[in-house]
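Have a look at the sequence and the structure, then try each task before reading its solution.

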Amino acid sequence: MSKKGKEKVKIIGIETSCDETAVAIVEDGRKILSNLVASQVDFHRKFKGVVPEIASRKHLEIINSLIDEALFQANLSLKDLSAIAVTLGPGLIGALLIGVSTAKALSYATSLPLIGVNHLLGHIWANFLEDPQIKFPFISLIVSGGHTSIILVEKVGKYKIIGETLDDAAGEALDKIAGFMNLGYPGGPIIDELAQEGNPQAINFPRAMIKKKGYDLSLSGLKTAALNYVTRVGQEKINVPDFCASFQEAIFDVLVDKVTKAAQEFKIPRIVLAGGVGANTRLREKLLEEAKKFQLELYFPSPFLCTDNAAMIAAFGYEKFLREDLVTLEVEPDANFPLR
Ligand code: KG4
Ligand code: ZN
C-alpha cells in the first residue's frame, strides 16, 4: 500500500484546528511544494477572539478550493500523492471536524493512506522543514495561542511533557492584554511590534514560579498584575511601547529560564522552539543569547512556519507514513488529542 523505496513521498497536509484553513504538499517530509494558509482573522477580529461556529463555517467554505490550489501550485494531481495527513487535535472540535471529514472523503475517493497528526507535534516538526539535520533528543518549547509546554522529545514516538502552564498559554495572555488595551487582534504580533520601541525594564511585572523547582509556569497572575497596572495608571497615561515591552519580557524571562534550565538538567544540548509565539522577535533574541551562554544548539522556524500551517502537518505526517502508522476511515477528531 505505502509507496516506499526510491520514489519520493508526497504528502498533502490538511490543518483546520483553529482559525486558519491550511493545505500544503510536502515531499519527503522536508521539501515544501506548496503551502497555503487562508486566515479567518478578519472574521474573528471584532469578537477579539476565535468564535468556534464562525471558524467551522469558514473552513467548510474554503477547504476544497484550497486543496485544488495546493495541487495546482505543486503542479500535481491527486494520483501523484502518497498519503493524506490531517490534524486530529488538539483544537476546536467543530473546526477539526471539517479538516478530518475532508481528509476522510479524499482518502475514500482516492484510496490514499490516511495519517492522523497531533497539532503540537506538527508545530515542532515545522523546524525540520528548514533544518532537516536536527538531532535527537531535544527539548522543545511550544508556545502558541492554546499551549505553553516544555517537551522532551527523545525520538519520533517518544515524548514527555516536563512542564506546562498551569493557566493561560503565552499567546492567550498576549492576545487578552492586547484586547484589553484595544491594540488589535491577534495581540501577539502587535505587541511584538510595539515592544520594539519600548523599554522592557520600564515596568516590573511579576515573574511567577521562576524560582520554583520544576518546569511548570503560571501566567494568570501576570495578566492580573497588568490589568491592575492599567486601572491604577489610567489607560490614556500609559506608555504603550514600554507596557508591551515589559509585559512580554515578563513572560519570556520565565519561558527562557525554564527551557534553558531543562536543557541543562536533562543534559540535552539542543532546544527547538515551536508555535505562533515562537515568531516573536524578542523571544528569539533572548533564547539566542541564553543558548550561546550555555552552549546549546537552538532551532526555530521562519515566522511564517511558526504560526499555524499545513506544511508542518505534512512534515510530521511523513514520520508516521514511514512507520506505517496510519488511521482508518473511522477516525474521529479529538479536541484533547494526546501527544502521539
Ligand atoms: O500556533 P498558533 O498560530 O496557533 C495556535 O496553535 O494557537 O499561535 C497563535 C498565537 C496567537 O496567540 C498569536 O497572538 C501568537 O501566536 N503570535 C505571536 C506572534 N505571532 C503570532 N505572539 C508574539 N509575537 C509574535 N510575533
Ligand atoms: Zn498552532
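**Exercise 1.** Are His-119 and His-123 buried or exposed?

*Solution.* Start with the ground rules: this is a predicted model, with local features needing pLDDT of at least 70 and side-chain atom pairs counting only at pLDDT 80 or more, while totals for chains, interfaces and linings use all residues. Residues are numbered from 1 along each chain as its sequence is written, ligands are numbered from 1 in the order in which they are written, and side-chain values use heavy atoms, leaving out hydrogens and water. Now the answer: both His-119 and His-123 are buried (under 20% relative accessible area, 1.4 Å probe, protein chains only).

**Exercise 2.** Find the protein donors of the zinc ion (ligand 2).

*Solution.* Step one: look for N, O and S atoms within 2.8 Å of the metal, which is what counts as a donor here. Step two: name them; they are His-119 (NE2), His-123 (NE2) and Asp-308 (OD), 2.0 Å from the zinc ion. Step three: read their spacing in sequence, H-x3-H-x184-D. The two histidines, His-119 and His-123, sit 4 residues apart in helix H4 (residues 119–130), about one turn of the helix.

Key:
Donors = N, O, S within 2.8 Å, 3.2 Å for Na, K, Ca; no water. Buried < 20%, exposed > 50% of the residue type's maximum accessible area, 1.4 Å probe, protein only.
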